[in-house]
Amino acid sequence: MGQLKQGSGDTQDRRYLEVFRQVTRMISMVRDPQQVMENIVHNLPELMEIDACTIRLLDQATGTFVLGAAAGLSPEYLARPDVDARETMDMVASGQPVATIDVAESAHLPFREAALREGVQSVLTLPIAFQDRVIGIMRLLTRSKRAFTEQEISFSLVLAEQAGIAISNGGMLKQLERQVNFLGEVQVISRLLGSTLDLDVVLQTIVERLSAGMRAQGCTIRLLTPQTNRLELVASVGLSREYLQRGEVVDEKNTIRALQGEPVAISNVLEDDRVIYKNHMEREGIKSLLAVPIKAKDEVIGIIRILAREHRSFSRAEINFSMAVAEVGGAAIANARTYRKITLLFNHIEEQEVFLANILDCISHQLLVIDRNRRVAMANRAFLQIRGKKESEVLGMDYGRLHHSENCWDYGHLDQVLSTGQMATVVREVVEEDGPHWYERTATPMINEAGETEFVIEIIRDLTAQRRLEQESIERSKLEGIIEMAGAVAHEISSPLFAALGSAQLLEVDRHGQGLEEIGMIIRNLKAISKLTAKMAEMTGYSSRAYVGGRRIVSL
Amino acid sequence: MAEILVLDDVLDAAVLIEKILAKKGHKVHTFTEEEEALAFAGSAAVELAVLDIKLQKMSGVQVLARLKEIHPEMHAIMLTGFPTVETAREAISLGADEYCVKPIDRQELEDKVERALKGKNRKGALNI
């Protein structure tokens, strides 16, 4: 293959014009930058009468030129690590074309060997510029040694620039489309996250929607645990258990950076020192990752990692989309966490309330809580059961109306507590169907922070059984006293009585005639007294009978 | 005729018993103090003791126990103005022949003494 077809000036110009027209037409047919590149590398060799063509785009993250499209070359050649000699690449990166007439004379051994194996002999490397910025390189390769004329180089530069415009415009259009799509997806995710306060649903929605939106293999969310400041895996999608359990990621540089609030895009995880678990990622088939911080109220609360199976140079639109989802997610996570806390708190309060109610219901005394307006705020089970009322009937009822049937009560003690803030106790006797009952009412103030009585707790104790027991005890003591007294009297009288009766009987035996009738009377009466003392000695209970002047005496 | 010891903290009661039993031909020794009665029993024969349950320092039951140690074959009649099951059971268990409630009738006392001395009384009988 020789140089571009040479001819007269007009012929050459027309030839270039034709090539230019065809290239322009070709790249104007498609909008996808990849398609633009494919069209160029496949059509240019014929138009330019060369053997092969490649286009590489600059990866802003790594500063390297990544293969975009190629034609006429083997995969082995294209997979070589270095594109060309460092000097060549630097010159092209600075916007200058570099022509290598004979690669056999190239000082860069790896490239020279690879090129010779491929049969490449001459290479023209051209910068692809857009708006004075190199965005890639285009290489025209021939398998026969040839020199590139100034005209060819100038024309090729124009073509490369034209390709740059097309690639950039296509890229921008594609970015715009993706941004619109991302915007729509952010709206959908926002709506989904706004529709739930369930933390687990929130987390799972984020990983699933973000992974799908980014066309990634998997996605994880790790949240910082406030107590330990450690990252805890809380949600994932598309990843194996073995990979997820590989270990702590908090020490990875990409994690550290993300926790500082910055997104981290890594196009090749296996060769990046910001990644620790390279083997795990290789086994999982992960080639690139994007880590973004999750923020809530300007504070990083965790990270999201999006993992891809291919080497990806994450675009600004993709990073922005991920950041936007992380931000929306952060707010939703914070809300769900708050809701969960409130729910837990509420449940705790409810449990405490039930516990307290159970305690109060276990109290056998009647218990009431009355507010400052003298309305019932609470009543325990004992009160409701004794009164035969339902809680709903009693709550809110006026304290006076609650006791209106007990007209013997005065409610001064309640007023006293409300006005003085001091505890008050009253005991009153109430006559009921089965006799008198005694009730003790103790009103205790509940003082608020302002020192005012906010509620009054009233405990009503039925003292009837206690009072009756006390009365029985008094009666029993009285009986014991009487029996003891009777016994004492019987004992003390018995001996003198015995002496008197016996003496009278002796007299009766000795005496004849005079005084015998009187002695008989003495003996009869002493025997009557003996019977009474015998009764007193045998007393175990007593009944009383009326005596003179309203007094009562014991019946013997 | 029998040697009879009478112990009652009420002197008139003791004298009355002495008079009643002396008429029946018995030799009666009356006491109002427990120690004096026990001292006497330690130095003289006693066939029958008539003891009041309620004394000044000791109980009649305690005195009976002491007398039984001195004269195991001695008969005894217990007198009380305030009978209780406990004292009655204790007295009988210590060998008392009779447990009588004061004031006891003259004739009844004579009969009980007679029965006790003849040993015809039923041991352990209560006469409350």
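Buried area is the accessible area (1.4 Å probe) that two parts lose on being put together, summed over both. The model shown is predicted: local features need pLDDT of at least 70, side-chain atom pairs count only at pLDDT 80 or more, and totals for chains, interfaces and linings use all residues. Residues are numbered from 1 along each chain as its sequence is written, chains are lettered from A and ligands numbered from 1 in the order in which they are written, and side-chain values use heavy atoms, with hydrogens and water left out.

**View 1. The interface of chain B and chain A.** Together the two chains bury about 1700 Å². Carbon and sulfur atoms carry 72% of that area. On the chain B side, B:L16, B:F82 and B:P103 supply 34% of the area buried against chain A, more than any other three residues. In contacts (heavy atoms within 4.5 Å), 21 residues of chain B meet 19 residues of chain A.

View 2. Side chains of opposite charge can pair when their charged atoms come close. One salt bridge (a side-chain nitrogen of Lys or Arg within 4 Å of a carboxyl oxygen of Asp or Glu) is counted between chain B and chain A. A:K527 and B:D105 form a salt bridge, at 3.3 Å from N to O.

**View 3. The side of chain B that touches chain A.** Helices (H or I, at least four residues) and strands (E, at least two) are DSSP runs, numbered from the N terminus. The elements giving two or more residues to this side are α1 (11-23) and α5 (106-118) of chain B. The largest share, seven residues, comes from α1(B).

**View 4. A salt bridge within chain A.** A:E248 pairs with A:R230 in a salt bridge, the closest N and O atoms being 2.9 Å apart. A:E248 sits in the loop between α8 (241-244) and α9 (253-259) of chain A, and A:R230 in the loop between β6 (218-224) and β7 (231-237) of chain A, so the pair ties together parts 18 residues apart in sequence. Over all chains, the structure holds 30 salt bridges.
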